[in-house]
Amino acid sequence: MSQTVPPPVFDPFAPGFTDDPYPQYAALRGGAPAGRHPLGFWLLTRYEDVSGLLRAGMSVEDRNITDRELIELREQLYGEELARPRGISMLDRDPPDHTRLRRLVSKAFTPRAVEALRPRISGLVDEMLDAAERQRRVDLVDALAFPLPFAVIAEMLGTPPADHERIRQLSGTLVRSLEPVNDPDMVAAITAADAELTQIAAEMIAWKRANPAGDLLTALINAEDDGDVLDDDELIAQTLLLYIAGHETTVNLIAGGTLALLRYPDQLALLREDPRLTANAVEELLRYDSPVQATRRVTLEPATFSGVTIPAGAFVMALLGSANRDESYWGPDAAELRLDRENARQHVSFGAGPHHCLGASLARLETSIALARLATRFPGLALDGEVTWNGRINLRGPAHLPVSLSPSR
(Lines give C-alpha, C1' and ligand atoms only; values in the text may rest on other atoms or scores of the structure.)
Protein backbone atom coordinates (compact mmCIF):
# COMPACT_ATOMS: atom_id res chain seq x y z
CA MET A 1 0.00 0.00 0.00
CA SER A 2 1.52 3.31 -1.08
CA GLN A 3 1.67 6.23 1.30
CA THR A 4 1.77 9.87 0.25
CA VAL A 5 4.68 11.70 1.83
CA PRO A 6 4.06 15.43 2.32
CA PRO A 7 6.51 17.64 0.44
CA PRO A 8 9.30 19.27 2.44
CA VAL A 9 8.50 22.70 3.87
CA PHE A 10 11.02 25.53 4.02
CA ASP A 11 11.88 25.94 7.72
CA PRO A 12 14.61 28.53 8.29
CA PHE A 13 14.10 28.24 12.06
CA ALA A 14 15.07 24.55 12.10
CA PRO A 15 18.07 23.78 14.34
CA GLY A 16 21.34 24.14 12.45
CA PHE A 17 19.79 25.85 9.41
CA THR A 18 21.82 29.05 9.67
CA ASP A 19 25.03 27.02 9.99
CA ASP A 20 24.26 24.93 6.90
CA PRO A 21 21.04 25.51 4.94
CA TYR A 22 22.11 23.48 1.91
CA PRO A 23 20.67 20.05 2.88
CA GLN A 24 17.26 21.68 3.31
CA TYR A 25 17.61 23.45 -0.04
CA ALA A 26 18.42 20.13 -1.74
CA ALA A 27 15.34 18.52 -0.22
CA LEU A 28 13.17 21.41 -1.42
CA ARG A 29 14.56 21.27 -4.97
CA GLY A 30 13.88 17.56 -5.10
CA GLY A 31 10.45 17.54 -3.47
CA ALA A 32 8.80 20.96 -3.74
CA PRO A 33 10.87 23.25 -6.01
CA ALA A 34 8.05 25.80 -6.35
CA GLY A 35 4.99 26.33 -4.22
CA ARG A 36 3.10 28.30 -1.60
CA HIS A 37 4.49 28.23 1.92
CA PRO A 38 2.11 27.82 4.89
CA LEU A 39 3.07 31.37 5.91
CA GLY A 40 1.59 32.74 2.68
CA PHE A 41 4.59 33.58 0.52
CA TRP A 42 5.63 31.63 -2.57
CA LEU A 43 9.01 29.94 -2.80
CA LEU A 44 11.33 29.16 -5.74
CA THR A 45 14.43 26.97 -5.31
CA ARG A 46 15.66 25.88 -8.76
CA TYR A 47 18.14 27.80 -10.89
CA GLU A 48 15.99 28.26 -14.00
CA ASP A 49 13.01 29.45 -11.95
CA VAL A 50 15.01 31.83 -9.78
CA SER A 51 16.91 33.26 -12.75
CA GLY A 52 13.69 33.64 -14.70
CA LEU A 53 11.96 35.44 -11.84
CA LEU A 54 14.82 37.93 -11.43
CA ARG A 55 14.87 38.74 -15.14
CA ALA A 56 11.09 39.04 -15.50
CA GLY A 57 10.91 42.68 -14.43
CA MET A 58 8.55 42.04 -11.54
CA SER A 59 7.86 44.46 -8.71
CA VAL A 60 9.87 44.87 -5.50
CA GLU A 61 7.26 47.13 -3.87
CA ASP A 62 5.25 45.54 -1.08
CA ARG A 63 2.30 47.83 -1.82
CA ASN A 64 1.59 45.60 -4.83
CA ILE A 65 0.88 42.57 -2.62
CA THR A 66 -2.84 41.84 -2.85
CA ASP A 67 -2.90 38.51 -0.99
CA ARG A 68 -4.93 39.45 2.10
CA GLU A 69 -4.08 36.23 3.92
CA LEU A 70 -0.35 36.94 3.53
CA ILE A 71 -0.74 40.55 4.67
CA GLU A 72 -2.57 39.44 7.81
CA LEU A 73 -0.03 36.68 8.50
CA ARG A 74 2.84 39.16 8.15
CA GLU A 75 1.20 41.54 10.61
CA GLN A 76 0.75 38.70 13.11
CA LEU A 77 4.31 37.41 12.66
CA TYR A 78 6.30 40.65 12.33
CA GLY A 79 3.98 43.15 13.97
CA GLU A 80 2.43 46.05 12.08
CA GLU A 81 5.65 48.06 12.12
CA LEU A 82 7.68 45.64 9.96
CA ALA A 83 4.67 44.47 7.95
CA ARG A 84 4.17 47.93 6.45
CA PRO A 85 5.39 48.65 2.93
CA ARG A 86 9.16 48.94 2.83
CA GLY A 87 11.24 52.05 2.61
CA ILE A 88 12.33 54.43 -0.09
CA SER A 89 15.78 53.16 -0.96
CA MET A 90 16.33 52.03 -4.54
CA LEU A 91 16.27 48.43 -3.28
CA ASP A 92 12.56 48.82 -2.58
CA ARG A 93 11.45 50.84 -5.60
CA ASP A 94 10.23 50.00 -9.08
CA PRO A 95 10.89 52.07 -12.21
CA PRO A 96 10.76 54.97 -12.80
CA ASP A 97 11.80 55.75 -9.20
CA HIS A 98 14.33 52.92 -9.15
CA THR A 99 15.83 54.07 -12.45
CA ARG A 100 16.12 57.66 -11.20
CA LEU A 101 17.71 56.73 -7.87
CA ARG A 102 20.09 54.17 -9.35
CA ARG A 103 21.27 56.59 -12.03
CA LEU A 104 22.32 59.04 -9.34
CA VAL A 105 24.78 56.66 -7.70
CA SER A 106 25.77 54.35 -10.54
CA LYS A 107 28.67 56.50 -11.78
CA ALA A 108 30.62 55.72 -8.61
CA PHE A 109 30.28 51.98 -9.26
CA THR A 110 31.20 51.64 -12.93
CA PRO A 111 33.97 49.10 -13.58
CA ARG A 112 36.37 51.95 -14.47
CA ALA A 113 35.57 53.92 -11.29
CA VAL A 114 35.93 50.80 -9.16
CA GLU A 115 39.20 49.78 -10.82
CA ALA A 116 40.62 53.18 -9.85
CA LEU A 117 40.22 52.08 -6.23
CA ARG A 118 42.59 49.11 -6.66
CA PRO A 119 45.71 50.84 -5.21
CA ARG A 120 43.80 52.04 -2.14
CA ILE A 121 42.15 48.67 -1.53
CA SER A 122 45.51 46.90 -1.97
CA GLY A 123 47.07 49.27 0.56
CA LEU A 124 44.30 48.66 3.08
CA VAL A 125 44.61 44.88 2.69
CA ASP A 126 48.37 45.02 3.20
CA GLU A 127 47.99 47.21 6.30
CA MET A 128 45.44 44.83 7.81
CA LEU A 129 47.49 41.74 7.00
CA ASP A 130 50.64 43.39 8.43
CA ALA A 131 48.80 43.87 11.71
CA ALA A 132 47.37 40.35 11.56
CA GLU A 133 50.78 38.81 10.91
CA ARG A 134 52.18 40.40 14.06
CA GLN A 135 49.48 38.60 16.06
CA ARG A 136 49.95 35.29 14.19
CA ARG A 137 46.46 34.13 15.22
CA VAL A 138 43.41 36.30 14.49
CA ASP A 139 39.69 36.26 13.96
CA LEU A 140 39.70 36.94 10.23
CA VAL A 141 36.28 38.61 10.38
CA ASP A 142 37.58 41.25 12.78
CA ALA A 143 41.04 41.49 11.21
CA LEU A 144 40.09 41.75 7.52
CA ALA A 145 36.64 40.67 6.32
CA PHE A 146 34.72 43.38 8.21
CA PRO A 147 37.11 46.36 8.35
CA LEU A 148 38.12 46.24 4.66
CA PRO A 149 34.72 46.77 2.98
CA PHE A 150 33.63 49.06 5.82
CA ALA A 151 36.66 51.32 5.28
CA VAL A 152 36.24 51.31 1.49
CA ILE A 153 32.56 52.29 1.46
CA ALA A 154 33.13 54.91 4.17
CA GLU A 155 35.90 56.49 2.07
CA MET A 156 33.83 56.34 -1.12
CA LEU A 157 30.92 58.06 0.60
CA GLY A 158 33.24 60.48 2.38
CA THR A 159 31.54 59.98 5.74
CA PRO A 160 32.98 61.69 8.81
CA PRO A 161 34.76 59.72 11.55
CA ALA A 162 32.18 57.48 13.20
CA ASP A 163 31.71 54.86 15.88
CA HIS A 164 32.40 51.87 13.62
CA GLU A 165 31.59 49.28 16.26
CA ARG A 166 28.21 50.85 17.02
CA ILE A 167 27.32 51.09 13.33
CA ARG A 168 28.40 47.47 12.92
CA GLN A 169 26.04 46.39 15.70
CA LEU A 170 23.14 48.47 14.38
CA SER A 171 23.49 47.41 10.76
CA GLY A 172 23.77 43.78 11.83
CA THR A 173 20.44 44.16 13.57
CA LEU A 174 18.78 46.15 10.79
CA VAL A 175 19.52 43.58 8.09
CA ARG A 176 17.43 41.07 10.07
CA SER A 177 14.47 42.91 8.52
CA LEU A 178 15.42 41.18 5.24
CA GLU A 179 14.46 37.76 6.58
CA PRO A 180 11.63 36.00 8.44
CA VAL A 181 11.41 37.19 12.05
CA ASN A 182 9.41 35.34 14.70
CA ASP A 183 10.65 37.11 17.83
CA PRO A 184 8.85 40.25 19.10
CA ASP A 185 12.04 41.40 20.84
CA MET A 186 13.92 41.22 17.53
CA VAL A 187 11.17 43.22 15.82
CA ALA A 188 11.57 45.92 18.47
CA ALA A 189 15.38 45.83 18.12
CA ILE A 190 15.13 46.23 14.32
CA THR A 191 12.82 49.22 14.71
CA ALA A 192 15.17 50.85 17.22
CA ALA A 193 18.25 50.17 15.05
CA ASP A 194 16.51 51.70 12.04
CA ALA A 195 15.71 54.85 14.01
CA GLU A 196 19.26 55.20 15.37
CA LEU A 197 20.90 54.57 11.99
CA THR A 198 18.54 57.09 10.35
CA GLN A 199 19.71 59.67 12.90
CA ILE A 200 23.38 58.78 12.26
CA ALA A 201 22.85 59.15 8.50
CA ALA A 202 21.11 62.50 8.97
CA GLU A 203 24.06 63.73 11.05
CA MET A 204 26.54 62.49 8.42
CA ILE A 205 24.64 64.36 5.71
CA ALA A 206 24.53 67.54 7.81
CA TRP A 207 28.30 67.27 8.37
CA LYS A 208 28.89 66.69 4.67
CA ARG A 209 26.86 69.76 3.72
CA ALA A 210 29.31 71.79 5.81
CA ASN A 211 32.33 69.83 4.53
CA PRO A 212 31.74 69.03 0.85
CA ALA A 213 34.39 67.10 -1.08
CA GLY A 214 34.82 65.00 -4.22
CA ASP A 215 32.96 62.01 -2.84
CA LEU A 216 29.72 60.12 -3.39
CA LEU A 217 27.80 61.67 -0.50
CA THR A 218 28.60 65.18 -1.72
CA ALA A 219 27.41 64.21 -5.20
CA LEU A 220 24.13 62.90 -3.79
CA ILE A 221 23.62 66.07 -1.74
CA ASN A 222 24.35 68.28 -4.73
CA ALA A 223 21.84 66.42 -6.83
CA GLU A 224 19.27 67.05 -4.13
CA ASP A 225 20.32 70.66 -3.56
CA ASP A 226 20.04 71.38 -7.28
CA GLY A 227 16.37 70.50 -7.00
CA ASP A 228 17.02 67.44 -9.15
CA VAL A 229 15.54 64.35 -7.54
CA LEU A 230 16.43 63.56 -3.93
CA ASP A 231 14.38 64.83 -1.02
CA ASP A 232 15.75 64.54 2.53
CA ASP A 233 14.14 61.17 3.25
CA GLU A 234 15.37 59.71 -0.04
CA LEU A 235 18.86 61.04 0.61
CA ILE A 236 18.99 59.36 4.03
CA ALA A 237 17.60 56.10 2.60
CA GLN A 238 20.18 55.90 -0.23
CA THR A 239 23.02 56.79 2.15
CA LEU A 240 22.04 54.02 4.57
CA LEU A 241 21.56 51.51 1.75
CA LEU A 242 25.01 52.22 0.30
CA TYR A 243 26.66 52.25 3.72
CA ILE A 244 25.11 48.99 4.90
CA ALA A 245 25.05 47.09 1.59
CA GLY A 246 28.58 48.31 0.95
CA HIS A 247 30.00 46.24 3.79
CA GLU A 248 27.47 43.71 5.13
CA THR A 249 27.52 41.43 2.09
CA THR A 250 31.24 41.64 1.30
CA VAL A 251 32.07 40.65 4.88
CA ASN A 252 30.27 37.36 4.20
CA LEU A 253 31.99 36.91 0.85
CA ILE A 254 35.53 37.39 2.16
CA ALA A 255 35.01 35.35 5.33
CA GLY A 256 32.87 32.66 3.72
CA GLY A 257 35.22 32.47 0.74
CA THR A 258 38.25 32.02 2.98
CA LEU A 259 36.47 29.31 4.96
CA ALA A 260 35.51 27.47 1.75
CA LEU A 261 39.14 27.54 0.58
CA LEU A 262 40.35 26.23 3.93
CA ARG A 263 37.81 23.39 3.72
CA TYR A 264 39.03 22.57 0.21
CA PRO A 265 42.83 22.69 0.59
CA ASP A 266 43.35 21.34 -2.93
CA GLN A 267 41.51 24.37 -4.31
CA LEU A 268 43.49 26.75 -2.10
CA ALA A 269 46.68 25.16 -3.42
CA LEU A 270 45.39 25.62 -6.96
CA LEU A 271 44.81 29.33 -6.31
CA ARG A 272 48.35 29.73 -4.95
CA GLU A 273 49.85 27.92 -7.94
CA ASP A 274 47.92 29.91 -10.54
CA PRO A 275 46.99 33.47 -9.53
CA ARG A 276 45.33 33.88 -12.94
CA LEU A 277 42.49 31.82 -11.45
CA THR A 278 41.65 34.56 -8.95
CA ALA A 279 38.85 36.24 -10.89
CA ASN A 280 37.08 32.97 -11.64
CA ALA A 281 37.75 31.77 -8.09
CA VAL A 282 35.76 34.73 -6.74
CA GLU A 283 32.84 33.81 -9.03
CA GLU A 284 32.94 30.19 -7.85
CA LEU A 285 33.07 31.29 -4.21
CA LEU A 286 30.05 33.53 -4.84
CA ARG A 287 28.24 30.53 -6.30
CA TYR A 288 29.33 28.05 -3.65
CA ASP A 289 28.16 30.10 -0.66
CA SER A 290 26.15 33.15 -1.64
CA PRO A 291 26.59 36.16 0.72
CA VAL A 292 22.88 36.90 0.16
CA GLN A 293 20.82 33.73 0.35
CA ALA A 294 17.44 35.00 -0.83
CA THR A 295 15.65 37.85 -2.56
CA ARG A 296 12.03 38.67 -3.22
CA ARG A 297 9.66 39.89 -5.92
CA VAL A 298 5.94 40.68 -6.14
CA THR A 299 4.05 39.30 -9.15
CA LEU A 300 2.07 41.84 -11.16
CA GLU A 301 0.39 39.13 -13.25
CA PRO A 302 0.16 35.32 -13.01
CA ALA A 303 3.47 33.54 -13.63
CA THR A 304 4.30 29.84 -13.95
CA PHE A 305 7.44 28.18 -12.55
CA SER A 306 8.16 24.42 -12.52
CA GLY A 307 4.55 23.80 -13.51
CA VAL A 308 3.17 25.88 -10.63
CA THR A 309 1.18 29.03 -11.44
CA ILE A 310 1.64 31.90 -9.00
CA PRO A 311 -1.19 34.45 -9.02
CA ALA A 312 -0.81 38.20 -9.40
CA GLY A 313 -0.16 40.17 -6.22
CA ALA A 314 1.86 37.35 -4.61
CA PHE A 315 5.06 37.74 -2.58
CA VAL A 316 7.70 35.40 -4.03
CA MET A 317 10.91 34.44 -2.24
CA ALA A 318 13.71 33.25 -4.52
CA LEU A 319 16.38 31.17 -2.79
CA LEU A 320 19.61 32.32 -4.45
CA GLY A 321 21.70 29.96 -2.34
CA SER A 322 19.62 27.01 -3.51
CA ALA A 323 19.71 28.04 -7.18
CA ASN A 324 23.50 28.25 -6.99
CA ARG A 325 23.67 24.58 -5.90
CA ASP A 326 21.04 23.23 -8.30
CA GLU A 327 22.39 19.99 -9.79
CA SER A 328 20.06 20.26 -12.79
CA TYR A 329 21.97 23.37 -13.87
CA TRP A 330 25.46 23.01 -12.40
CA GLY A 331 25.86 19.25 -12.71
CA PRO A 332 26.42 16.47 -10.16
CA ASP A 333 29.31 18.34 -8.50
CA ALA A 334 27.15 21.40 -7.71
CA ALA A 335 27.82 21.00 -3.98
CA GLU A 336 31.60 20.97 -4.52
CA LEU A 337 33.99 23.92 -4.76
CA ARG A 338 35.81 23.98 -8.10
CA LEU A 339 37.69 27.21 -8.80
CA ASP A 340 38.10 26.45 -12.50
CA ARG A 341 34.36 25.91 -13.07
CA GLU A 342 33.80 27.35 -16.54
CA ASN A 343 30.31 28.75 -15.98
CA ALA A 344 30.83 29.93 -12.40
CA ARG A 345 29.96 33.52 -13.37
CA GLN A 346 26.40 32.40 -14.16
CA HIS A 347 25.60 32.38 -10.42
CA VAL A 348 22.68 34.49 -9.20
CA SER A 349 24.39 35.82 -6.06
CA PHE A 350 24.24 39.40 -7.37
CA GLY A 351 20.68 39.00 -8.60
CA ALA A 352 19.81 39.79 -12.20
CA GLY A 353 17.73 42.18 -14.24
CA PRO A 354 17.09 45.81 -13.20
CA HIS A 355 18.07 45.12 -9.58
CA HIS A 356 21.40 43.44 -10.36
CA CYS A 357 23.73 44.40 -7.50
CA LEU A 358 25.12 47.89 -8.05
CA GLY A 359 28.23 47.08 -6.02
CA ALA A 360 29.10 43.81 -7.78
CA SER A 361 32.33 45.16 -9.32
CA LEU A 362 33.44 46.57 -5.97
CA ALA A 363 32.74 43.33 -4.10
CA ARG A 364 34.64 41.36 -6.73
CA LEU A 365 37.65 43.67 -6.54
CA GLU A 366 37.83 43.75 -2.73
CA THR A 367 37.50 39.97 -2.49
CA SER A 368 39.98 39.18 -5.26
CA ILE A 369 42.67 41.38 -3.68
CA ALA A 370 41.98 40.11 -0.15
CA LEU A 371 42.00 36.42 -1.04
CA ALA A 372 44.98 36.61 -3.40
CA ARG A 373 47.09 38.43 -0.78
CA LEU A 374 45.95 36.09 1.98
CA ALA A 375 46.68 32.94 -0.02
CA THR A 376 50.12 33.93 -1.30
CA ARG A 377 51.36 35.70 1.82
CA PHE A 378 50.46 32.93 4.28
CA PRO A 379 51.29 29.46 2.95
CA GLY A 380 50.54 28.08 6.41
CA LEU A 381 47.06 29.64 6.59
CA ALA A 382 44.86 27.29 8.60
CA LEU A 383 41.72 27.16 10.70
CA ASP A 384 42.62 27.59 14.36
CA GLY A 385 39.42 27.08 16.31
CA GLU A 386 35.69 26.70 15.87
CA VAL A 387 33.87 28.70 13.20
CA THR A 388 30.81 30.57 14.48
CA TRP A 389 28.07 31.60 12.03
CA ASN A 390 26.19 34.88 12.38
CA GLY A 391 22.81 33.18 12.85
CA ARG A 392 21.23 35.02 9.94
CA ILE A 393 18.96 33.34 7.42
CA ASN A 394 19.57 35.73 4.52
CA LEU A 395 22.82 37.70 4.90
CA ARG A 396 24.51 34.55 6.15
CA GLY A 397 28.24 34.25 6.86
CA PRO A 398 30.83 33.49 9.53
CA ALA A 399 30.68 35.75 12.58
CA HIS A 400 34.02 34.44 13.87
CA LEU A 401 36.68 32.76 11.75
CA PRO A 402 39.78 31.98 13.87
CA VAL A 403 42.87 31.33 11.72
CA SER A 404 46.59 31.00 12.22
CA LEU A 405 48.63 33.09 9.79
CA SER A 406 52.00 31.41 9.74
CA PRO A 407 53.84 32.87 6.74
CA SER A 408 55.49 29.52 6.10
CA ARG A 409 54.77 25.89 6.89
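Helices (H or I, at least four residues) and strands (E, at least two) are DSSP runs, numbered from the N terminus. This is a predicted model: local features need pLDDT of at least 70, side-chain atom pairs count only at pLDDT 80 or more, and totals for chains, interfaces and linings use all residues. Residues are numbered from 1 along each chain as its sequence is written, and side-chain values use heavy atoms, with hydrogens and water left out.

**Stop 1: serine 306.** Select the loop between β5 and β6 (308–310); serine 306 is there. Its phi is near 50°, a positive value in a residue other than glycine. Serine 306 has a relative accessible area of 37%, so it counts as partly exposed. On this scale buried means under 20% relative accessible area, exposed over 50%, and partly exposed in between (1.4 Å probe, protein chains only).

**Stop 2: helix α2.** Select residues 47–55. The buried residues here are Tyr47, Asp49, Val50, Ser51, Leu53 and Leu54. Contact means heavy atoms within 4.5 Å. After α2 comes glycine 57, with a positive phi near 70°.

**Stop 3: proline 96.** Go to the loop between α3 (68–83) and α4 (97–106). The peptide bond from proline 95 to proline 96 is cis, with omega near 5°.

**Stop 4: arginine 136.** Select the loop between α6 (118–135) and β3 (137–139). Arginine 136 has a positive phi near 70°, and is a residue other than glycine. Its relative accessibility is 47%, so arginine 136 counts as partly exposed.

**Stop 5: α12 and α13.** Show α12 (residues 232–263) with α13 (residues 265–273). At what angle do they pack? The angle is about 105°, and the axes are 5 Å apart. Axes are lines fitted to C-alpha atoms, for helices over the stretch in contact, and angles run from 0 to 180 degrees between N-to-C directions. The two helices are therefore roughly perpendicular (65 to 115 degrees). Leu261, Leu262 and Arg263 in α12 meet Pro265, Gln267, Leu268 and Leu271 in α13.

**Last stop: the whole chain.** Zoom out. The chain has 17 helices and 11 strands. Its C-alpha atoms fill a box of roughly 65 × 60 × 40 Å, taken along the principal axes. Buried residues make up 53% of the 409 residues. Among contacts between residues at least 6 apart in sequence, 73% join residues at least 24 apart.

Key:
Parallel < 35°, antiparallel > 145°, perpendicular 65-115°, else oblique.
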